[in-house]
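Subject: Structure handover

Hello,

Here is the structure I said I would pass on. My notes on what I found in it follow below.

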Amino acid sequence: MSHHDDAERDLGILETHDSDVLAAFEGDLPGGVPTSARLLRRLRRAVPAAVAFAAVIGAWEALTRALDVQSFILPRPSLIVERFIATSGEIWGAGWNTLVEALGGLVAGIVLGVGVALATVRWVGLRDGVMPFAVAANSVPIIALAPIMNAWFSITSPVSKMAVVAVVVFFPVMINTARGLVEVDAAETELLHSYGASPRQVLRQVRVPHAFPYFFSALKVASALSIIAAIVAEYFGGPQDVLGQYIVAKANLFVYPDAWAAILVASIMGTTLYGLVLIVERLLMPWHVSLRGGDEP
Amino acid sequence: MRHATERDQPAAAAVVPAVAAANAAAADRWRRILSVVGVTLGLAVVWEVYKLVGNALDLTTPVRPDNVTMPHVWDVVGELFRPVRRGGDLLILDLTGRALWTLREALVGFAAGAILGFGLGVAFTRSRLAEQAFLPYVVASQTVPILAIAPMVVVWGGRLDIPQWLAVSIISTYLTFFPVVINTLRGLRSPDSTAMELMRSYAATPREVLWKLQVPSALPYIFTALKVSATASVIGALIGELPAGFQTGLGRALLTFSQQFAVRSAKLYATVLVSALVGILFVSVVTLVEHRVIHHSRPTEVDALAAA
Amino acid sequence: MSEGSELVVDAKGVGKVFGVGDVTVEALRGIDLAIGPGEFISLIGPSGCGKSTLLRLVGDLLTPTSGSVRINGKTPHQARRDRDYGMVFQKATLLDWRTVRRNVELPLEIMHIDQRRSRAAEMLDLVQLSEFAERYPWQLSGGMQQRVAIARALAFRPSLLLMDEPFGALDEMTREAMQQEVLRIYGETGITVVFVTHSIPEAVFLSSRVVVMSPRPGRISAVVPVDLPRPRTEDTRESQGYFDIITQVREALRSQERWVR
């Protein structure tokens, strides 16, 4: 039975009020909201997206076939999938090399970023001096460092690409983690001081847990960036069997379906990495994730 | 009188914070500029010290301190005032021209992406269905590494007879619109339910709610995204310029000078510096606009990276 | 006192159920409430008794699942369209990108009412905040912000003022001062007020009738008339009649607890 008239439909906010009230009362209900209901709700939310996906792919395929679009303008999805399977040895080989660069840089960037962030907690002077610089440096197109890294660490070595990824990853991780560590509620630090806690204990008990969401937020950005940064760094030159060079080579030969297949590999790797971060986040912070609502990307 | 005393206290208390806040903000800005300049100079000092010590101790890792791999800081700056090639313009003029070219690509892409992102954000707020259907794609679009497609985008543009710089702008647009959509959505949804109830009690139309409540609330979020997008636009422009055939722009200069590294490495370093300045300049302009538009409230921190 | 002429609020058999299917909560059941022009009604009760829900039903922010509500003889929807009520919430919810004056003008803009500036000035005068017209909300104390919220709620001259624990976030002294403010405005404008509160003394001090509600499901368990003379002053707070009525209300609230489900 619908309780809503058009007045309520004017502004969708009343939906939220309903669910707020419901949520407030939920505690009083015996057994709470059944999980099957929750699951069903989530599935129902995915339906429009799935439909849109099928529609887009379907339209793409149909249009390119119908208009007989040349494959160098926009290849058919079916053709891309074909090439994806046909060249899978090559592209996954190249993908692996790129992944190594990305992961190497990611790890280095994270270690450095967290390290510097922890240092800024300890030495306030460092924080005041370094943070504004880091924020400014974040607005620099760091990718411009790629040619320099190629010169420093030998263009053929994966280290040159890792270095670029590391710098790209370092800044968001450092800035965000530092914020999370430092911007703790005064009430919490005061509580621990009243127990006579040492700075290290305050760090462990209060600051680090507080910084976790910030850290993971940056990690999500960083994981996505790492693959792209590696590929783009590869554009500036280096060994051939990496995704960046593969894509450029295929594009220059106008063999686009192959290039798209390689991009598909990059997307898969990026999404998988992001997914891994989500899983690790959920494992390490079950209390936080369950508090959050549904629609966060 | 009770009312008089109750009034006077908050009155005095309200004026003092207002003045103090303005002063604090100005001091803060100077401190920030000082810090950036300070750290930059500090890095230059570290550079030279490393060269000195490295050369004395004959170090080869992590980086060789010789004058090719690590030219002196003053050599890099000096290089700007030498001709870019025999009989050519001064490097600084050449780079400025290229920077403007790259900046134009970035600006056009930025503007297009911002408008598109804002529009999508508003559309998603109005229609739950649209949001549920398309938001996942907006998110997924970012897993497609547009920068990886950059070479193709430019060649496509050529085939479709679009001027090259416009094709590059498309890359910047793509990189811009995502943070803007996400943050616009967040910002438009940020007013609490009480504010929405208030608007409803005035029988405000959805359009009035949008423009009088939601959009002004969203501005801080949108500007946070715009600052991220500014950098992304510049990166997009630089990368878009890399494919063969592009002669103007900073991206091409980076590639060319990196090939000339052994001959004159200072040119590459100078170009990297100019690229960095372009990025900083763009973000600073956005920040300036932000301060003009959002001058009323006290500074609220919106975590830029948490939004991405 | 209701004069038999049009009631401002007429609720009959009102019920509200939240949720759908097998997951429902009955927030209100069988509410009958009649409020005449110029009355000051307080709704009081423990958490979950539905007092805020009832206020929102009156204000057309929610629709009842059973029963009917009439505001000035109209449906709540129509009354809202006709701008019959002003609302004040616990959070002042002033728009912080607008000055105090422009905040008061907000409803006038949306309702396309002319002479906004002079009306806003009039209202700010009423709440005695004229000197702060060009300030921004963050420069005002909590109590002052609420006064602006009240000015805003009255700017378009509604016949009914709905207040949802407006002083809940304020300290005791400010609270008492604000209560005086509300009474003064009430006295000067003769507006009808429905006031939700947690505080028994506040309810008694302000109202002509105190409606006591009980939870699970929310219903009206008692209505306590407050026969104290107006205008009410600080002396009223120390009168015997005041304490007696407070006791009455307290007993009414306590007697609910003896009902075991």
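Helix α5 of chain C is mostly covered, with 12 of its 13 residues buried. The buried set runs through C:G143, C:M144, C:Q145, C:Q146, C:R147, C:V148, C:A149, C:I150, C:A151, C:R152, C:A153 and C:L154. The geometry of α5(C), residues 142–154, also checks out: at 1.5 Å a residue the helix should span 18 Å, and its end C-alpha atoms are 19 Å apart, which agrees.

Please keep in mind that this is a predicted model. The predictor assigns the complex an ipTM of 0.79 and a pTM of 0.78. For chain C the mean pLDDT is 89, and 96% of the residues reach 70 or more.

Chain C: domains

Chain C is divided into two parts: domain 1 takes in 37–63, 75–84 and 159–261, while domain 2 is 90–157. Their centres, taken over C-alpha atoms, are separated by 24 Å. Contact between them involves 14 residues of domain 1 of chain C and 11 residues of domain 2 of chain C. On the domain 1 side, the elements giving two or more residues are β6 (160–164) and α6 (172–189) of chain C. Of these, α6(C) gives the most, with 5 residues. By type, the residues on that side divide into 8 nonpolar, 2 polar and 4 charged.

Chain C: backbone details

Two peptide bonds in this chain deserve a look before you set anything up. The bond from C:R216 to C:P217 is cis, with omega near -10 degrees. C:P217 is placed in the loop between β8 (209–214) and β9 (219–225) of chain C. The bond joining C:R230 and C:P231 is cis as well, with omega about 0 degrees. C:P231 is in the loop between β9 and α8 (240–257) of chain C. As background, most peptide bonds are trans, and most residues other than glycine have a negative phi.

C:Q115 is in the loop between α3 (100–110) and α4 (116–126) of chain C. Is C:Q115 buried or exposed? It counts as exposed, because it has 10 C-beta neighbours inside 10 Å and the cut-off for exposed is 12 or fewer.

Chain B

Chain B has 11 helices and 0 strands. Of its 308 residues, 43% are buried. Taking contacts in chain B between residues at least 6 apart in sequence, 77% join residues at least 24 apart.

Chain B has a positive phi too: that of B:A203, a residue other than glycine, is near 50 degrees. B:A203 is found in the loop between α7 and α8 of chain B. It has 19 C-beta neighbours inside 10 Å and so counts as partly exposed; the cut-off for buried is 20 or more.

Contact between chains A and B

How many residues does the contact take from each of chain A and chain B? It takes 57 residues from chain B and 57 residues from chain A. On the side of chain B that touches chain A, the elements giving two or more residues are α1 (2–57), α4 (128–141), α5 (146–159), α7 (193–201), α8 (206–240), α9 (250–259), α10 (261–293) and α11 (304–307) of chain B. α10(B) gives the most to that side, with 9 residues. The residues of that side divide into 40 nonpolar, 12 polar and 5 charged.

Chain A: confidence

Chain A averages a pLDDT of 78, and 80% of its residues score at least 70. Where pLDDT is low, the predicted coordinates should not be read in detail.

Regards

Key: Residues are numbered from 1 along each chain as its sequence is written. Chains are lettered from A and ligands numbered from 1 in the order in which they are written. This is a predicted model: local features need pLDDT of at least 70, side-chain atom pairs count only at pLDDT 80 or more; totals for chains, interfaces and linings use all residues. Two residues are in contact if their C-beta atoms, placed from the backbone, lie within 7 Å. Helices (H or I, at least four residues) and strands (E, at least two) are DSSP runs, numbered from the N terminus. Ala, Val, Leu, Ile, Met, Phe, Trp, Tyr, Cys and Pro count as nonpolar, Asp, Glu, Lys and Arg as charged, and the others, Gly among them, as polar. Domain bounds come from an automatic or database domain assignment. pLDDT is the predictor's confidence in each residue, from 0 to 100. The expected span of a helix is 1.5 Å times one less than its number of residues.
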